[in-house]
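I opened this model to look up its sheets, its helix packing and its nonpolar cores. My entries follow in the order I made them.

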Amino acid sequence: MRTGQRRLEILRQLFLTGYVEAKELALTLDVDSSTIRRDLEALARGGRLQRTHGGACVNAGAVDVPYAMKQQERMFAKDAIASAACEVVRDGDSVLLDSGSTTYQLAIALRARNDLTIVTNDLRIGRLVADYPNVHLLVTGGELLSSTYTLFGERAVTFIEDLRVDWAFLGADAIDAIAGITNTNTLEIPLKRAMIAAGRSTVVLADSTKFDRRALVRVAELHEVDQVLTDDELTLERAAPYGEQVRRAPQAPEPPRRIVAVGEVP
């Protein structure tokens with residue numbers, strides 16, 4: 001694994017858990033401890049994480065995994081979740097979309113609906129939806145978290161607090177049966193809580209890798225949202241502690257790769 005790929009993987013693991021240990025990283029990435037120390041020091045100098053004794057944690061401001069990385073991961077799962085979420089939305093509904101790669105997939109699916117009002121704090125979602133016919137688009141104001149194209153801050157919170165929408169779809173960094181819904185940074189928390197309050201129905205969209213994990217700060221208890229929608233790689237056994245609140249969306253099978261014989265035109 002090249003240096004850049006290894007450091008992206010370190011950030012990915014940090015994004016999922018909020019903390020990484022140098023020894024554990026050395027084992028999982030199959031490199032020596034000195035290499036991991038250099039990686040962590042380089043990422044810390046770049047403001048991507050905060051060094052601690054024996055590892056690293058998320059910066060107290062809000063370090064997040066780059067949007068491009070998240071957008072390419074777990075696409076079959078995200079498509080399944082987005083399709084299932086789109087099924088509940090009807091023509092004429094008002095929909096609030098939190099920032100994130102899974103909510104972006106939902107925004108793509110919502111093109112099949114008519115006369116929607118879509119509210120978002122995600123600049124990529126806003127740009128996508130702006131080209132949809134017969135859609136009333138509202139984009140929150142606020143400050144930009146550039147790595148994820150997310151708008152946050154007091155202006156964004158005030159904007160959302162004045163709204164009441166049919167559906168609020170939120171992303172999540174981690175979900176645990178006891179800790180609830182958690183996030184890797186503190187900056188987005190007030191806005192996410194305002195989104196939960198704004199929705200007549202609130203649904204969290206999270207692929208199965210986000211479960212049984214805890215991130216840095218709590219967004220909400222599980223009972224504060226109406227449903228958590230995930231993919232069917234979350235087994236029934238793992239889903240059991242979450243009760244009926246969790247819905248598992250079946251993934252479409254990945255098309256098999258065709259083996260091309262030597263000399264054959266693919």
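I started at E21, which stands opposite G55 in β3. The model is a predicted one, and I read every entry below with that in mind. β1 and strand β3 (residues 55-57) run antiparallel and are joined by 3 bridges. I then traced the whole sheet: it is open, has 3 strands in the order β1-β3-β2, and its pairing is antiparallel. β1 (19-21) and β2 (50-52) are the edge strands, each pairing on one side only. From one strand to the next, I noted an average twist of 25°.

Next I looked for helices on this sheet. Helix α2 (residues 22-29) packs on it and touches β1 and β3; the direction of α2 makes about 75° with that of β1. Helix α3 (residues 33-45) also packs on the sheet, touching β2 and β3, and its direction is at about 140° to that of β2.

Entry 2, the seven-stranded sheet. I found 7 strands in an open sheet with parallel pairing, in the order β6-β5-β4-β9-β12-β14-β15. β6 (135-139) and β15 (246-249) each have a single partner strand, so one side of each has no neighbour in the sheet. Ignoring direction, neighbouring strands here are turned by 20° against each other on average.

I then asked how many of the 9 residues of helix α6 (residues 101-109) are buried. The count is 7, so the helix is largely enclosed by the rest of the structure. The buried residues are S101, T102, T103, Y104, Q105, L106 and A107.

The axes of helix α8 (residues 154-161) and helix α9 (residues 189-198) come within 9 Å and cross at roughly 5°. Angles under 35 degrees count as roughly parallel, and α8 and α9 are therefore roughly parallel to each other. On the α8 side the contact is made by A156, V157, I160 and E161; on the α9 side by P190, L191, A194, M195 and A198. I sorted the residues of this contact into 8 nonpolar, no polar and 1 charged.

The largest nonpolar core has 31 residues. L96, I160, I175, V204, F211 and V228 have the most contacts inside it. α8, β9 (165-171), α9 and β13 (217-220) each give two or more residues to this core, and α9 gives the most, with 6. Apart from this core lies another, of 25 residues, including I125, V129, V203 and L229.

Not counting residues up to four places away in sequence, L96 touches V119, T120, I160, V165, W167, A168, F169, M195 and A198.

Is A179 buried or exposed? Its relative accessibility is 16%, and buried means under 20%, so A179 counts as buried. A179 lies in the loop between β10 (174-176) and β11 (180-183). Leaving aside neighbours within four places in sequence, A179 is in contact with R214, R218 and A220. I also took the separation of the C-alpha atoms of A179 and R213: 8.7 Å, at 34 residues apart along the chain.

Methods. Residues are numbered from 1 along each chain as its sequence is written. This is a predicted model: local features need pLDDT of at least 70, side-chain atom pairs count only at pLDDT 80 or more; totals for chains, interfaces and linings use all residues. Side-chain values use heavy atoms; hydrogens and water are left out. Axes are lines fitted to C-alpha atoms, for helices over the stretch in contact, and angles run from 0 to 180 degrees between N-to-C directions. Helices (H or I, at least four residues) and strands (E, at least two) are DSSP runs, numbered from the N terminus. Angles under 35 degrees count as roughly parallel, over 145 as roughly antiparallel, 65 to 115 as roughly perpendicular and the rest as oblique. Contact means heavy atoms within 4.5 Å. Ala, Val, Leu, Ile, Met, Phe, Trp, Tyr, Cys and Pro count as nonpolar, Asp, Glu, Lys and Arg as charged, and the others, Gly among them, as polar. Buried means under 20% relative accessible area, exposed over 50%, partly exposed in between (1.4 Å probe, protein chains only). A nonpolar core is a set of buried Ala, Val, Leu, Ile, Met, Phe, Trp, Tyr and Cys residues joined through side-chain atoms within 4.5 Å. Two strands pair if DSSP finds at least two bridges between them.
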